[in-house]
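Biologist: I'm new to this one. Could you walk me through how to read it, feature by feature?

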Amino acid sequence: MIYQWSNNIISSLGFTTEENYTAVKQGNTGLKYYKNPFDFPEDAMLSLIDDEHLNNAFSSINTKQKTAYTRFEKAAILSVYKALEKTNIDVKSKKVVFILSTTKGNVELLDKKESEFYEAERVYLWRSAQLITSFFDNPNEAIIVSNACISGAAAQITALRLLQQKIYDFAIVIGADVLSKFIISGFQSFKSLSVDICKPFDKNRCGLNLGEAAATIIYSSIENNRPLLSNNIVLLNGAIANDANHISGPSRTGDGLSIAIEKTLQNTNIQDIALINAHGTATPYNDDMESMGITANQLENIPINSLKGFLGHTLGAAGVLETILSGVALLDNMLLKSNGSENPETICPLNIVLNNQNSFKTHFLKLLSGFGGCNAAILLKKT
Amino acid sequence: MNINIASYCRLTNHKLEVNDIDIQIQKTEASSLNDIYRHLNLSYPKFFKMDNLSKAGFLASELLLKNIIIDKETPKKDMAIVLMNRSASLDNDRTYQTTIQDENNFFPSPSVFVYTLSNIVNGEIAIRNKIMGESSFYISENFSPEKIYSAVMNTFSDPNINQVICGWVDYEFNECDVLLLLIRKENQEKIPFNVNNIYHLYT
(Lines give C-alpha, C1' and ligand atoms only; values in the text may rest on other atoms or scores of the structure.)
Protein backbone atom coordinates (compact mmCIF):
# COMPACT_ATOMS: atom_id res chain seq x y z
CA MET A 1 0.00 0.00 0.00
CA ILE A 2 1.03 3.62 -0.46
CA TYR A 3 0.07 6.66 1.59
CA GLN A 4 -1.43 9.95 0.46
CA TRP A 5 0.70 12.72 1.95
CA SER A 6 -1.03 15.63 0.35
CA ASN A 7 -3.37 16.64 -2.42
CA ASN A 8 -4.85 19.58 -4.28
CA ILE A 9 -7.64 20.34 -6.74
CA ILE A 10 -7.75 23.29 -9.17
CA SER A 11 -11.21 23.50 -10.74
CA SER A 12 -14.22 25.73 -11.33
CA LEU A 13 -15.15 25.20 -7.68
CA GLY A 14 -11.91 26.49 -6.20
CA PHE A 15 -8.15 26.17 -6.04
CA THR A 16 -7.84 24.04 -2.93
CA THR A 17 -9.12 20.59 -2.00
CA GLU A 18 -11.04 22.14 0.89
CA GLU A 19 -12.86 24.68 -1.33
CA ASN A 20 -13.80 21.95 -3.77
CA TYR A 21 -14.95 19.55 -1.09
CA THR A 22 -16.99 22.17 0.76
CA ALA A 23 -18.74 23.24 -2.45
CA VAL A 24 -19.55 19.68 -3.47
CA LYS A 25 -20.75 18.79 0.03
CA GLN A 26 -23.10 21.79 -0.09
CA GLY A 27 -24.40 20.56 -3.43
CA ASN A 28 -22.91 23.37 -5.54
CA THR A 29 -22.04 22.53 -9.10
CA GLY A 30 -19.25 24.14 -11.09
CA LEU A 31 -21.07 23.47 -14.36
CA LYS A 32 -22.28 26.54 -16.25
CA TYR A 33 -23.88 27.23 -19.57
CA TYR A 34 -21.42 28.94 -21.92
CA LYS A 35 -22.23 30.68 -25.21
CA ASN A 36 -19.75 29.71 -27.96
CA PRO A 37 -16.98 28.66 -25.61
CA PHE A 38 -13.47 28.71 -27.19
CA ASP A 39 -15.05 29.95 -30.48
CA PHE A 40 -17.00 26.73 -30.73
CA PRO A 41 -20.05 27.52 -32.88
CA GLU A 42 -22.53 26.06 -30.39
CA ASP A 43 -23.28 26.53 -26.68
CA ALA A 44 -22.20 24.03 -24.06
CA MET A 45 -22.55 23.18 -20.36
CA LEU A 46 -18.99 23.11 -19.03
CA SER A 47 -16.94 23.34 -15.86
CA LEU A 48 -14.10 25.79 -16.60
CA ILE A 49 -11.16 27.04 -14.56
CA ASP A 50 -11.50 30.83 -14.30
CA ASP A 51 -8.75 32.44 -16.42
CA GLU A 52 -8.20 35.54 -14.31
CA HIS A 53 -8.13 33.55 -11.08
CA LEU A 54 -5.63 31.12 -12.61
CA ASN A 55 -3.36 33.85 -13.97
CA ASN A 56 -3.33 35.73 -10.67
CA ALA A 57 -2.68 32.64 -8.59
CA PHE A 58 0.04 31.52 -10.97
CA SER A 59 1.85 34.88 -11.03
CA SER A 60 2.01 34.84 -7.25
CA ILE A 61 4.00 31.59 -7.28
CA ASN A 62 6.02 32.13 -10.45
CA THR A 63 8.70 34.45 -9.20
CA LYS A 64 11.74 33.27 -11.11
CA GLN A 65 10.86 31.56 -14.39
CA LYS A 66 10.68 33.57 -17.59
CA THR A 67 8.92 30.87 -19.61
CA ALA A 68 5.48 31.67 -21.02
CA TYR A 69 3.33 28.86 -19.68
CA THR A 70 0.11 27.60 -21.23
CA ARG A 71 -3.16 27.30 -19.29
CA PHE A 72 -2.60 23.55 -19.03
CA GLU A 73 0.89 24.00 -17.61
CA LYS A 74 -0.17 26.78 -15.25
CA ALA A 75 -3.00 24.71 -13.80
CA ALA A 76 -0.78 21.63 -13.39
CA ILE A 77 2.11 23.57 -11.80
CA LEU A 78 -0.20 25.48 -9.48
CA SER A 79 -1.84 22.26 -8.32
CA VAL A 80 1.52 20.60 -7.55
CA TYR A 81 2.76 23.75 -5.82
CA LYS A 82 -0.28 23.86 -3.55
CA ALA A 83 -0.03 20.16 -2.74
CA LEU A 84 3.68 20.47 -1.92
CA GLU A 85 3.09 23.56 0.20
CA LYS A 86 1.33 21.41 2.80
CA THR A 87 4.39 19.15 3.20
CA ASN A 88 8.11 19.37 3.84
CA ILE A 89 9.02 17.07 0.92
CA ASP A 90 12.26 17.95 -0.88
CA VAL A 91 10.97 18.02 -4.46
CA LYS A 92 14.53 18.47 -5.78
CA SER A 93 15.47 14.99 -4.58
CA LYS A 94 16.12 12.10 -6.97
CA LYS A 95 13.76 10.07 -4.80
CA VAL A 96 10.78 12.13 -6.00
CA VAL A 97 9.16 11.32 -9.35
CA PHE A 98 6.40 13.16 -11.23
CA ILE A 99 3.70 11.10 -12.95
CA LEU A 100 1.59 13.14 -15.35
CA SER A 101 -1.84 11.94 -16.43
CA THR A 102 -3.37 13.81 -19.36
CA THR A 103 -5.25 13.05 -22.54
CA LYS A 104 -4.57 16.13 -24.64
CA GLY A 105 -2.13 18.50 -22.90
CA ASN A 106 -1.65 21.61 -25.06
CA VAL A 107 -3.56 20.31 -28.07
CA GLU A 108 -5.20 23.74 -28.63
CA LEU A 109 -1.78 24.91 -29.88
CA LEU A 110 -2.49 23.05 -33.13
CA ASP A 111 -4.81 25.96 -33.85
CA LYS A 112 -2.65 28.54 -35.59
CA LYS A 113 -4.46 31.33 -33.75
CA GLU A 114 -3.27 29.93 -30.42
CA SER A 115 0.27 28.89 -31.19
CA GLU A 116 2.16 32.11 -31.96
CA PHE A 117 3.63 32.55 -28.46
CA TYR A 118 4.94 29.03 -28.12
CA GLU A 119 7.60 26.91 -29.80
CA ALA A 120 6.43 24.07 -32.06
CA GLU A 121 7.48 21.43 -29.53
CA ARG A 122 4.89 22.65 -27.02
CA VAL A 123 2.18 20.37 -28.41
CA TYR A 124 4.19 17.35 -27.26
CA LEU A 125 3.21 16.02 -23.84
CA TRP A 126 6.84 15.35 -22.89
CA ARG A 127 7.65 19.03 -23.45
CA SER A 128 4.94 20.13 -21.02
CA ALA A 129 6.13 17.51 -18.56
CA GLN A 130 9.70 18.85 -18.80
CA LEU A 131 8.50 22.37 -18.04
CA ILE A 132 6.51 21.14 -15.05
CA THR A 133 9.41 19.18 -13.51
CA SER A 134 11.94 21.95 -14.23
CA PHE A 135 9.68 24.51 -12.53
CA PHE A 136 10.25 22.51 -9.36
CA ASP A 137 13.91 21.66 -10.15
CA ASN A 138 13.09 17.97 -9.96
CA PRO A 139 15.94 15.96 -11.52
CA ASN A 140 13.92 13.01 -12.87
CA GLU A 141 12.20 12.62 -16.20
CA ALA A 142 8.44 12.56 -15.59
CA ILE A 143 6.43 9.46 -16.40
CA ILE A 144 3.59 10.40 -18.75
CA VAL A 145 0.46 8.26 -18.84
CA SER A 146 -1.93 8.92 -21.71
CA ASN A 147 -4.55 6.23 -21.56
CA ALA A 148 -7.72 8.15 -22.47
CA CYS A 149 -10.17 8.67 -19.63
CA ILE A 150 -8.63 6.06 -17.33
CA SER A 151 -5.30 7.92 -17.24
CA GLY A 152 -5.85 9.24 -13.70
CA ALA A 153 -6.27 5.74 -12.28
CA ALA A 154 -3.51 4.30 -14.48
CA ALA A 155 -1.12 6.96 -13.12
CA GLN A 156 -1.98 6.00 -9.54
CA ILE A 157 -1.43 2.30 -10.33
CA THR A 158 1.98 3.25 -11.79
CA ALA A 159 2.77 5.17 -8.58
CA LEU A 160 1.77 2.16 -6.47
CA ARG A 161 4.09 -0.19 -8.38
CA LEU A 162 7.09 2.16 -8.42
CA LEU A 163 6.81 3.11 -4.75
CA GLN A 164 6.31 -0.49 -3.63
CA GLN A 165 9.57 -1.38 -5.37
CA LYS A 166 11.23 1.47 -3.42
CA ILE A 167 12.55 3.01 -6.64
CA TYR A 168 11.30 6.36 -5.33
CA ASP A 169 10.15 7.62 -1.94
CA PHE A 170 7.52 9.99 -3.32
CA ALA A 171 5.37 10.07 -6.45
CA ILE A 172 3.65 13.32 -7.38
CA VAL A 173 0.66 12.22 -9.45
CA ILE A 174 -0.84 15.06 -11.51
CA GLY A 175 -4.07 14.68 -13.48
CA ALA A 176 -4.71 17.63 -15.77
CA ASP A 177 -6.66 18.54 -18.87
CA VAL A 178 -8.02 21.84 -20.14
CA LEU A 179 -10.73 22.27 -22.74
CA SER A 180 -10.52 23.72 -26.23
CA LYS A 181 -12.48 23.88 -29.45
CA PHE A 182 -10.63 20.70 -30.40
CA ILE A 183 -12.00 18.65 -27.52
CA ILE A 184 -15.50 20.14 -27.35
CA SER A 185 -16.12 19.80 -31.09
CA GLY A 186 -14.97 16.19 -30.98
CA PHE A 187 -17.31 15.15 -28.20
CA GLN A 188 -20.11 17.11 -29.87
CA SER A 189 -19.46 15.25 -33.15
CA PHE A 190 -20.05 12.06 -31.18
CA LYS A 191 -23.39 13.51 -30.00
CA SER A 192 -22.32 12.68 -26.47
CA LEU A 193 -22.74 16.14 -24.86
CA SER A 194 -25.73 17.14 -22.75
CA VAL A 195 -26.75 20.83 -22.84
CA ASP A 196 -28.19 20.49 -19.33
CA ILE A 197 -26.37 19.38 -16.21
CA CYS A 198 -25.69 15.70 -16.77
CA LYS A 199 -27.77 13.03 -15.01
CA PRO A 200 -25.54 10.09 -14.12
CA PHE A 201 -27.37 6.74 -13.85
CA ASP A 202 -30.73 8.52 -14.34
CA LYS A 203 -33.39 7.10 -16.62
CA ASN A 204 -33.39 10.43 -18.53
CA ARG A 205 -29.61 10.73 -18.85
CA CYS A 206 -28.68 11.99 -22.27
CA GLY A 207 -24.98 12.74 -22.31
CA LEU A 208 -21.98 14.14 -20.53
CA ASN A 209 -20.63 17.59 -19.64
CA LEU A 210 -16.96 18.34 -20.15
CA GLY A 211 -14.85 19.92 -17.45
CA GLU A 212 -11.29 21.08 -16.90
CA ALA A 213 -9.20 20.53 -13.81
CA ALA A 214 -5.74 19.92 -12.46
CA ALA A 215 -5.50 17.66 -9.45
CA THR A 216 -2.49 16.35 -7.56
CA ILE A 217 -1.97 13.53 -5.10
CA ILE A 218 1.42 13.02 -3.47
CA TYR A 219 1.90 9.37 -2.59
CA SER A 220 4.66 7.73 -0.58
CA SER A 221 5.63 4.25 0.48
CA ILE A 222 6.50 5.84 3.81
CA GLU A 223 3.74 6.35 6.33
CA ASN A 224 3.15 9.99 7.08
CA ASN A 225 3.68 10.44 10.81
CA ARG A 226 2.10 13.85 10.94
CA PRO A 227 -0.75 13.65 8.46
CA LEU A 228 -2.90 16.61 7.69
CA LEU A 229 -6.57 15.96 8.29
CA SER A 230 -7.09 15.11 4.62
CA ASN A 231 -4.13 12.82 4.24
CA ASN A 232 -4.96 9.57 5.93
CA ILE A 233 -5.95 7.75 2.76
CA VAL A 234 -3.98 4.81 1.39
CA LEU A 235 -4.04 3.23 -2.06
CA LEU A 236 -4.24 -0.54 -1.69
CA ASN A 237 -4.60 -2.01 -5.14
CA GLY A 238 -5.65 -1.38 -8.73
CA ALA A 239 -6.08 -3.05 -12.09
CA ILE A 240 -6.67 -2.24 -15.75
CA ALA A 241 -8.49 -4.45 -18.27
CA ASN A 242 -9.54 -4.07 -21.87
CA ASP A 243 -12.99 -4.81 -23.31
CA ALA A 244 -11.53 -5.96 -26.65
CA ASN A 245 -14.88 -4.94 -28.07
CA HIS A 246 -15.02 -1.45 -29.63
CA ILE A 247 -12.68 1.55 -29.82
CA SER A 248 -15.27 4.18 -28.88
CA GLY A 249 -18.41 2.42 -27.69
CA PRO A 250 -18.65 1.06 -24.15
CA SER A 251 -18.78 -2.72 -23.91
CA ARG A 252 -22.31 -4.15 -24.06
CA THR A 253 -21.42 -6.65 -21.34
CA GLY A 254 -19.20 -4.77 -18.88
CA ASP A 255 -16.66 -7.62 -19.09
CA GLY A 256 -13.52 -5.46 -19.10
CA LEU A 257 -14.67 -3.40 -16.13
CA SER A 258 -15.74 -6.56 -14.35
CA ILE A 259 -12.25 -8.06 -14.74
CA ALA A 260 -10.62 -4.84 -13.45
CA ILE A 261 -12.92 -4.82 -10.39
CA GLU A 262 -12.39 -8.53 -9.70
CA LYS A 263 -8.60 -8.21 -9.79
CA THR A 264 -8.66 -5.09 -7.62
CA LEU A 265 -10.86 -6.62 -4.93
CA GLN A 266 -8.89 -9.84 -4.44
CA ASN A 267 -8.61 -10.46 -0.68
CA THR A 268 -11.01 -7.60 0.13
CA ASN A 269 -13.99 -7.98 2.43
CA ILE A 270 -16.84 -6.43 0.46
CA GLN A 271 -18.55 -5.50 3.74
CA ASP A 272 -15.81 -2.89 4.30
CA ILE A 273 -16.60 -0.93 1.13
CA ALA A 274 -18.40 2.33 1.91
CA LEU A 275 -18.72 3.54 -1.67
CA ILE A 276 -18.15 2.92 -5.33
CA ASN A 277 -17.20 6.21 -6.97
CA ALA A 278 -18.16 5.34 -10.52
CA HIS A 279 -17.07 6.89 -13.81
CA GLY A 280 -20.76 7.79 -14.32
CA THR A 281 -20.41 10.03 -17.36
CA ALA A 282 -24.20 10.04 -17.85
CA THR A 283 -24.09 8.75 -21.40
CA PRO A 284 -26.74 6.05 -21.81
CA TYR A 285 -24.25 3.29 -22.67
CA ASN A 286 -21.47 4.06 -20.20
CA ASP A 287 -23.72 3.98 -17.17
CA ASP A 288 -25.44 0.75 -18.29
CA MET A 289 -22.05 -0.84 -18.91
CA GLU A 290 -20.86 0.14 -15.43
CA SER A 291 -24.02 -1.27 -13.87
CA MET A 292 -23.23 -4.61 -15.51
CA GLY A 293 -19.58 -4.67 -14.45
CA ILE A 294 -20.55 -3.79 -10.87
CA THR A 295 -23.35 -6.33 -10.70
CA ALA A 296 -21.15 -9.09 -12.13
CA ASN A 297 -19.06 -8.68 -8.97
CA GLN A 298 -22.14 -8.68 -6.68
CA LEU A 299 -21.49 -5.09 -5.61
CA GLU A 300 -24.87 -3.67 -6.67
CA ASN A 301 -26.03 -2.97 -3.12
CA ILE A 302 -23.02 -0.83 -2.22
CA PRO A 303 -23.76 2.93 -2.37
CA ILE A 304 -22.60 4.33 -5.72
CA ASN A 305 -22.08 7.92 -6.84
CA SER A 306 -20.73 9.88 -9.77
CA LEU A 307 -19.20 13.33 -9.30
CA LYS A 308 -19.63 14.34 -12.96
CA GLY A 309 -22.70 16.45 -12.09
CA PHE A 310 -20.45 18.73 -10.01
CA LEU A 311 -17.33 19.11 -12.14
CA GLY A 312 -18.12 17.45 -15.47
CA HIS A 313 -15.91 14.88 -17.13
CA THR A 314 -12.41 16.22 -16.56
CA LEU A 315 -10.74 13.59 -18.83
CA GLY A 316 -7.15 12.92 -17.70
CA ALA A 317 -7.81 14.73 -14.41
CA ALA A 318 -10.95 12.75 -13.52
CA GLY A 319 -9.27 9.79 -11.87
CA VAL A 320 -7.13 11.96 -9.61
CA LEU A 321 -9.77 14.59 -8.85
CA GLU A 322 -12.52 12.10 -8.01
CA THR A 323 -10.17 9.96 -5.91
CA ILE A 324 -9.28 13.02 -3.82
CA LEU A 325 -12.89 14.12 -3.29
CA SER A 326 -14.10 10.61 -2.43
CA GLY A 327 -11.23 10.18 0.02
CA VAL A 328 -11.80 13.51 1.76
CA ALA A 329 -15.51 12.71 2.00
CA LEU A 330 -14.76 9.32 3.54
CA LEU A 331 -12.53 10.97 6.15
CA ASP A 332 -15.55 13.17 6.90
CA ASN A 333 -17.66 9.95 7.17
CA MET A 334 -19.65 11.24 4.24
CA LEU A 335 -20.95 9.74 1.02
CA LEU A 336 -21.48 12.56 -1.48
CA LYS A 337 -24.67 12.64 -3.46
CA SER A 338 -24.59 11.82 -7.13
CA ASN A 339 -25.59 15.26 -8.44
CA GLY A 340 -28.04 15.06 -11.34
CA SER A 341 -29.23 11.56 -10.46
CA GLU A 342 -32.96 11.76 -9.71
CA ASN A 343 -34.64 8.62 -10.95
CA PRO A 344 -31.91 6.01 -11.26
CA GLU A 345 -32.48 3.44 -13.98
CA THR A 346 -29.74 1.32 -15.45
CA ILE A 347 -29.84 -2.09 -17.11
CA CYS A 348 -28.81 -3.59 -13.76
CA PRO A 349 -30.27 -1.65 -10.81
CA LEU A 350 -27.76 0.16 -8.60
CA ASN A 351 -27.83 1.76 -5.15
CA ILE A 352 -27.24 5.39 -6.17
CA VAL A 353 -26.47 7.96 -3.45
CA LEU A 354 -29.29 10.51 -3.98
CA ASN A 355 -28.55 12.64 -0.89
CA ASN A 356 -25.42 13.10 1.18
CA GLN A 357 -25.36 10.41 3.84
CA ASN A 358 -23.05 9.18 6.58
CA SER A 359 -20.98 6.05 6.37
CA PHE A 360 -18.45 4.76 8.86
CA LYS A 361 -17.00 2.05 6.63
CA THR A 362 -13.36 2.28 5.59
CA HIS A 363 -12.86 1.43 1.89
CA PHE A 364 -13.89 2.90 -1.44
CA LEU A 365 -13.56 1.71 -5.00
CA LYS A 366 -12.91 4.17 -7.85
CA LEU A 367 -13.88 3.16 -11.39
CA LEU A 368 -13.03 4.63 -14.79
CA SER A 369 -13.59 3.58 -18.37
CA GLY A 370 -12.51 5.14 -21.62
CA PHE A 371 -12.05 5.10 -25.37
CA GLY A 372 -9.85 2.31 -26.62
CA GLY A 373 -11.94 -0.11 -24.52
CA CYS A 374 -9.92 0.49 -21.37
CA ASN A 375 -11.27 0.12 -17.83
CA ALA A 376 -9.63 0.72 -14.47
CA ALA A 377 -10.46 0.12 -10.83
CA ILE A 378 -8.53 1.25 -7.77
CA LEU A 379 -9.19 0.47 -4.11
CA LEU A 380 -8.41 2.93 -1.32
CA LYS A 381 -9.09 3.03 2.39
CA LYS A 382 -8.82 5.39 5.31
CA THR A 383 -6.46 4.46 8.10
CA MET B 1 10.39 -19.10 -15.05
CA ASN B 2 12.08 -17.09 -17.80
CA ILE B 3 10.83 -13.87 -19.33
CA ASN B 4 11.52 -14.20 -23.04
CA ILE B 5 11.18 -12.21 -26.22
CA ALA B 6 9.04 -14.74 -28.06
CA SER B 7 8.68 -12.68 -31.21
CA TYR B 8 9.42 -9.21 -32.55
CA CYS B 9 8.56 -6.95 -35.46
CA ARG B 10 10.47 -3.85 -36.57
CA LEU B 11 8.60 -1.60 -38.96
CA THR B 12 9.87 1.70 -40.38
CA ASN B 13 9.53 3.43 -43.74
CA HIS B 14 12.63 1.58 -44.93
CA LYS B 15 12.62 -1.69 -43.08
CA LEU B 16 10.29 -4.53 -42.25
CA GLU B 17 11.85 -7.25 -40.17
CA VAL B 18 10.09 -10.05 -38.32
CA ASN B 19 12.09 -12.43 -36.13
CA ASP B 20 15.34 -11.89 -38.04
CA ILE B 21 13.66 -12.22 -41.43
CA ASP B 22 13.58 -9.21 -43.74
CA ILE B 23 10.31 -8.96 -45.58
CA GLN B 24 10.37 -7.27 -48.97
CA ILE B 25 7.17 -5.54 -49.95
CA GLN B 26 6.29 -4.32 -53.39
CA LYS B 27 5.60 -0.67 -52.68
CA THR B 28 3.28 1.60 -54.58
CA GLU B 29 3.53 5.33 -54.25
CA ALA B 30 0.28 5.69 -52.33
CA SER B 31 0.95 4.35 -48.89
CA SER B 32 3.34 1.70 -47.73
CA LEU B 33 1.12 0.73 -44.78
CA ASN B 34 -1.67 -0.18 -47.18
CA ASP B 35 0.88 -2.15 -49.23
CA ILE B 36 1.82 -4.21 -46.21
CA TYR B 37 -1.85 -4.87 -45.53
CA ARG B 38 -2.26 -6.22 -49.06
CA HIS B 39 0.95 -8.22 -48.82
CA LEU B 40 -0.42 -9.96 -45.73
CA ASN B 41 -3.62 -10.93 -47.55
CA LEU B 42 -5.66 -9.76 -44.61
CA SER B 43 -9.39 -9.50 -44.71
CA TYR B 44 -10.05 -6.88 -42.05
CA PRO B 45 -11.90 -3.93 -43.62
CA LYS B 46 -11.74 -1.95 -40.34
CA PHE B 47 -8.07 -1.41 -41.20
CA PHE B 48 -8.95 1.25 -43.75
CA LYS B 49 -10.81 3.30 -41.13
CA MET B 50 -7.75 3.48 -38.89
CA ASP B 51 -5.39 6.44 -38.59
CA ASN B 52 -1.72 5.94 -39.48
CA LEU B 53 -0.65 5.24 -35.89
CA SER B 54 -3.22 2.48 -35.49
CA LYS B 55 -2.45 1.08 -38.95
CA ALA B 56 1.23 0.88 -38.09
CA GLY B 57 0.65 -0.74 -34.69
CA PHE B 58 -1.99 -3.07 -36.05
CA LEU B 59 0.16 -4.33 -38.94
CA ALA B 60 3.18 -4.83 -36.70
CA SER B 61 1.00 -6.82 -34.28
CA GLU B 62 -0.29 -9.02 -37.11
CA LEU B 63 3.29 -9.78 -38.17
CA LEU B 64 4.40 -10.22 -34.56
CA LEU B 65 1.76 -12.88 -33.95
CA LYS B 66 1.86 -14.46 -37.40
CA ASN B 67 3.84 -17.53 -36.41
CA ILE B 68 2.61 -17.74 -32.85
CA ILE B 69 -0.10 -20.21 -32.02
CA ILE B 70 -2.78 -17.89 -30.77
CA ASP B 71 -6.52 -18.28 -31.03
CA LYS B 72 -7.78 -14.85 -31.97
CA GLU B 73 -11.33 -15.67 -30.85
CA THR B 74 -10.65 -16.78 -27.28
CA PRO B 75 -10.66 -13.96 -24.71
CA LYS B 76 -7.17 -13.60 -23.21
CA LYS B 77 -7.17 -12.16 -19.70
CA ASP B 78 -3.53 -13.15 -19.21
CA MET B 79 -2.27 -10.94 -22.03
CA ALA B 80 -1.45 -7.22 -21.77
CA ILE B 81 -0.57 -4.44 -24.22
CA VAL B 82 1.97 -1.82 -23.09
CA LEU B 83 2.97 0.79 -25.67
CA MET B 84 4.94 4.01 -25.76
CA ASN B 85 5.76 6.79 -28.20
CA ARG B 86 6.97 10.34 -28.72
CA SER B 87 4.17 12.06 -30.57
CA ALA B 88 1.05 10.58 -28.93
CA SER B 89 -1.68 10.89 -31.59
CA LEU B 90 -0.46 14.22 -32.99
CA ASP B 91 -0.35 12.88 -36.56
CA ASN B 92 -4.11 12.35 -36.49
CA ASP B 93 -4.71 15.37 -34.20
CA ARG B 94 -3.38 17.60 -37.00
CA THR B 95 -5.79 15.96 -39.44
CA TYR B 96 -8.67 16.56 -37.04
CA GLN B 97 -7.58 20.19 -36.55
CA THR B 98 -8.03 20.84 -40.29
CA THR B 99 -11.70 19.90 -39.92
CA ILE B 100 -12.32 22.60 -37.31
CA GLN B 101 -9.78 25.28 -38.28
CA ASP B 102 -12.04 27.20 -40.62
CA GLU B 103 -15.38 28.52 -39.32
CA ASN B 104 -16.82 28.46 -42.82
CA ASN B 105 -15.72 24.92 -43.40
CA PHE B 106 -16.38 23.34 -40.00
CA PHE B 107 -16.97 19.61 -40.24
CA PRO B 108 -15.67 17.75 -37.15
CA SER B 109 -15.88 14.05 -37.83
CA PRO B 110 -16.35 11.45 -35.09
CA SER B 111 -14.46 8.88 -37.13
CA VAL B 112 -11.38 11.13 -37.14
CA PHE B 113 -11.84 12.38 -33.56
CA VAL B 114 -11.85 8.86 -32.10
CA TYR B 115 -8.23 8.42 -33.20
CA THR B 116 -7.09 11.57 -31.37
CA LEU B 117 -6.06 9.33 -28.46
CA SER B 118 -2.80 7.42 -28.58
CA ASN B 119 -4.16 4.36 -26.77
CA ILE B 120 -6.71 3.64 -29.52
CA VAL B 121 -3.97 1.54 -31.14
CA ASN B 122 -4.01 -0.65 -28.01
CA GLY B 123 -7.77 -0.97 -28.50
CA GLU B 124 -7.40 -2.00 -32.15
CA ILE B 125 -4.86 -4.71 -31.30
CA ALA B 126 -6.98 -5.85 -28.34
CA ILE B 127 -10.13 -6.14 -30.46
CA ARG B 128 -8.37 -8.07 -33.23
CA ASN B 129 -6.87 -10.61 -30.81
CA LYS B 130 -9.40 -10.53 -27.93
CA ILE B 131 -6.78 -9.31 -25.46
CA MET B 132 -8.48 -8.43 -22.18
CA GLY B 133 -5.57 -7.86 -19.80
CA GLU B 134 -3.95 -4.56 -18.94
CA SER B 135 -3.75 -1.90 -21.62
CA SER B 136 -1.38 1.04 -21.15
CA PHE B 137 0.12 3.87 -23.18
CA TYR B 138 3.04 6.07 -22.09
CA ILE B 139 4.70 9.06 -23.74
CA SER B 140 8.47 9.56 -23.87
CA GLU B 141 10.56 12.16 -25.70
CA ASN B 142 12.87 9.47 -27.07
CA PHE B 143 12.84 5.74 -27.63
CA SER B 144 13.84 4.23 -24.30
CA PRO B 145 14.46 0.51 -23.80
CA GLU B 146 14.74 1.19 -20.06
CA LYS B 147 11.26 2.67 -19.89
CA ILE B 148 9.74 -0.11 -21.98
CA TYR B 149 11.45 -2.72 -19.83
CA SER B 150 10.33 -1.09 -16.61
CA ALA B 151 6.70 -0.66 -17.77
CA VAL B 152 6.49 -4.31 -18.85
CA MET B 153 8.02 -5.64 -15.64
CA ASN B 154 5.52 -3.52 -13.69
CA THR B 155 2.74 -5.11 -15.71
CA PHE B 156 4.06 -8.56 -14.80
CA SER B 157 3.63 -7.62 -11.13
CA ASP B 158 0.04 -8.78 -11.74
CA PRO B 159 0.55 -12.56 -11.37
CA ASN B 160 -2.32 -13.24 -13.80
CA ILE B 161 -0.35 -11.72 -16.70
CA ASN B 162 1.75 -14.24 -18.65
CA GLN B 163 2.35 -12.43 -21.94
CA VAL B 164 2.69 -8.80 -23.00
CA ILE B 165 2.71 -7.14 -26.40
CA CYS B 166 4.94 -4.15 -25.85
CA GLY B 167 7.10 -1.63 -27.58
CA TRP B 168 7.40 1.66 -29.40
CA VAL B 169 4.70 2.77 -31.85
CA ASP B 170 5.25 6.20 -33.35
CA TYR B 171 3.92 7.78 -36.52
CA GLU B 172 4.39 11.43 -37.38
CA PHE B 173 5.15 13.49 -40.51
CA ASN B 174 4.95 10.34 -42.66
CA GLU B 175 7.66 8.66 -40.59
CA CYS B 176 6.76 5.27 -39.18
CA ASP B 177 8.84 4.01 -36.26
CA VAL B 178 7.63 0.78 -34.69
CA LEU B 179 9.20 -1.98 -32.63
CA LEU B 180 6.77 -4.49 -31.19
CA LEU B 181 7.79 -7.37 -28.97
CA LEU B 182 5.85 -10.31 -27.64
CA ILE B 183 7.12 -11.03 -24.15
CA ARG B 184 6.21 -14.32 -22.51
CA LYS B 185 6.81 -16.06 -19.23
CA GLU B 186 8.10 -19.47 -20.31
CA ASN B 187 9.88 -22.48 -18.85
CA GLN B 188 12.44 -22.68 -21.67
CA GLU B 189 15.35 -20.30 -22.00
CA LYS B 190 15.17 -18.25 -25.20
CA ILE B 191 16.07 -14.64 -26.02
CA PRO B 192 15.83 -13.02 -22.60
CA PHE B 193 13.78 -9.86 -22.24
CA ASN B 194 16.21 -7.18 -21.10
CA VAL B 195 17.21 -3.61 -21.91
CA ASN B 196 20.11 -4.62 -24.17
CA ASN B 197 18.02 -6.93 -26.29
CA ILE B 198 15.26 -4.33 -26.73
CA TYR B 199 17.90 -1.82 -27.82
CA HIS B 200 19.55 -4.31 -30.16
CA LEU B 201 16.27 -5.12 -31.94
CA TYR B 202 15.47 -1.42 -32.38
CA THR B 203 18.79 -0.46 -33.97
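Modeller: Let's begin with strands. Two strands pair if DSSP finds at least two bridges between them. The strands (E, at least two residues) and helices (H or I, at least four) are themselves DSSP runs, numbered from the N terminus. This is a predicted model, where local features need pLDDT of at least 70 and side-chain atom pairs count only at pLDDT 80 or more, while totals for chains, interfaces and linings use all residues. Residues are numbered from 1 along each chain as its sequence is written, and chains are lettered from A and ligands numbered from 1 in the order in which they are written.

Biologist: Then in which sense do E1(A) and strand E9 of chain A pair?

Modeller: Antiparallel, over two bridges, with E9 covering residues 233–242 of chain A. One bridge partner to look up is A:Val234 in E9(A), which goes with A:Tyr3. E1(A) also runs antiparallel to strand E8 (residues 213–220) of chain A, and seven bridges join them. There, A:Gln4 stands opposite A:Tyr219 of E8(A).

Biologist: Is strand E1 of chain A mostly covered or mostly open?

Modeller: A residue is buried if 20 or more other C-beta atoms lie within 10 Å of its own, exposed if 12 or fewer, and partly exposed in between, with C-beta atoms placed from the backbone. E1 of chain A, residues 2–10, is mostly covered, as eight of its nine residues are buried.

Biologist: And which domains is chain A divided into?

Modeller: Domain bounds come from an automatic or database domain assignment. Here that gives domain 1 (2–229) and domain 2 (232–382) of chain A, whose C-alpha centres lie 20 Å apart.

Biologist: How many residues of domain 1 of chain A are in contact with domain 2 of chain A?

Modeller: Contact means that the C-beta atoms of two residues, placed from the backbone, lie within 7 Å. By that rule, 60 residues of domain 1 of chain A are in contact with 60 of domain 2 of chain A. On the domain 1 side, H5(A) gives the largest share, seven residues. That side divides into 30 nonpolar, 23 polar and seven charged residues. Nonpolar here means Ala, Val, Leu, Ile, Met, Phe, Trp, Tyr, Cys and Pro; charged means Asp, Glu, Lys and Arg; the others, Gly among them, are polar.

Biologist: What about the core? Which residues touch the most other members of the largest one?

Modeller: A nonpolar core is a set of buried Ala, Val, Leu, Ile, Met, Phe, Trp, Tyr and Cys residues joined through C-beta atoms within 7 Å. The largest has 193 residues, and A:Ile99 and A:Ala171 touch the most other members. Helix H3 (residues 71–85) of chain A gives the most to this core, nine residues. Both domain 1 and domain 2 of chain A give residues to this core, so it lies between them. Beyond four places in sequence, the contacts of A:Ile99 include A:Ala142, A:Ala155 and A:Ala171.

Biologist: Where do chains A and B meet?

Modeller: 44 residues of chain B are in contact with 39 residues of chain A. By class, the chain B side has 19 nonpolar, 16 polar and nine charged residues. Strand E5 (residues 143–145) of chain A and E5(B) run antiparallel, joined by two bridges, and A:Val145 stands opposite B:Tyr138.
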